[in-house]
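Dear colleague,

Please find below the structure that I am handing over to you. I would be grateful if you could look through it alongside the notes that come after it.

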Amino acid sequence: MNNAEVDAARLRGAAVGAWSAAMAVAAHGFAGGGIPGESSIVALILACAAIGTAVGAAVSSGRRYLVIVVALCAGQLVGHFALVLTESHAHGGNFSLLMLASHVVAAAACAALICSAERLYCVAASTLDQLIVATSAPVPVVGPLRTSPPLYRPSVVLRLLVSAGAGTRGPPA
């Protein structure tokens, strides 16, 4: 993996964690759970950060979209339980078919956005790398380098250098 792919994997993990937390809070509020408290937010952030870190550390494969959809669904599920366990929830732990379908559709849409953003980042980063290399290449030297002896050699400097150490003065008595 090159640097752009490593950075894109980190951004993918951050996006999965952030989207999981955002969708869990949105679903929590849509189901009548209200505004989550501080302890719920801390539990949600820790759970979704763990999911995002796992996705960011995973090696990207040809099935990246499916992996991101599964990770987003798992992140929403973990986030939902983090919110349910830390405070009272209106519908408890029950899941309806409509709610599950809406979570899967939201995860699929977010996964499509994350995959396209990751691909766009890799293309933009590699293009920028090539542009930097092309513009910062050294300019080739046209023609041979000429070295010529100096035209002026002052004789005063040579006399001073020769006579600097041959004085008649000795150390003080």
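Predicted model: local features only at pLDDT ≥ 70, side-chain atom pairs only at ≥ 80, totals over all residues.

Residues are numbered from 1 along each chain as its sequence is written, and side-chain values use heavy atoms, with hydrogens and water left out.

The chain has five helices and zero strands, in the order α-α-α-α-α along the sequence. Helices (H or I, at least four residues) and strands (E, at least two) are DSSP runs, numbered from the N terminus. Of the 173 residues in the chain, 27% are buried; buried means under 20% relative accessible area, exposed over 50%, and partly exposed in between, with a 1.4 Å probe and protein chains only. Taking contacts (heavy atoms within 4.5 Å) between residues at least 6 apart in sequence, 85% join residues at least 24 apart.

Helix H1 (residues 3–30) packs against helix H2 (residues 38–57) at an angle of about 150°, and their axes are 7 Å apart. This makes H1 roughly antiparallel to H2, a term for angles over 145 degrees, where under 35 is roughly parallel, 65 to 115 roughly perpendicular and the rest oblique. Axes are lines fitted to C-alpha atoms, for helices over the stretch in contact, and angles run from 0 to 180 degrees between N-to-C directions. On the H1 side, the contact includes Ala9, Gly13, Gly17 and Ala24; on the H2 side, Leu44, Cys48, Ile51 and Gly52 are among the residues involved. By class, nine residues in the contact are nonpolar, five polar and two charged. Here Ala, Val, Leu, Ile, Met, Phe, Trp, Tyr, Cys and Pro count as nonpolar, Asp, Glu, Lys and Arg as charged, and the others, Gly among them, as polar.

Valine 6 also lies in helix H1 and is partly exposed, at 29% relative accessibility. Its C-alpha atom is 8.7 Å from that of glycine 56, a residue 50 places away along the chain.

Glutamine 76 belongs to helix H3 (residues 64–86) and is buried, with a relative accessible area of 3%. Beyond its neighbours within four places in sequence, glutamine 76 contacts Ser20, Met23, Ala24, His103 and Ala107.

Finally, cysteine 115 is buried at 17% relative accessible area, whereas cysteine 73 is partly exposed at 25%.

With kind regards
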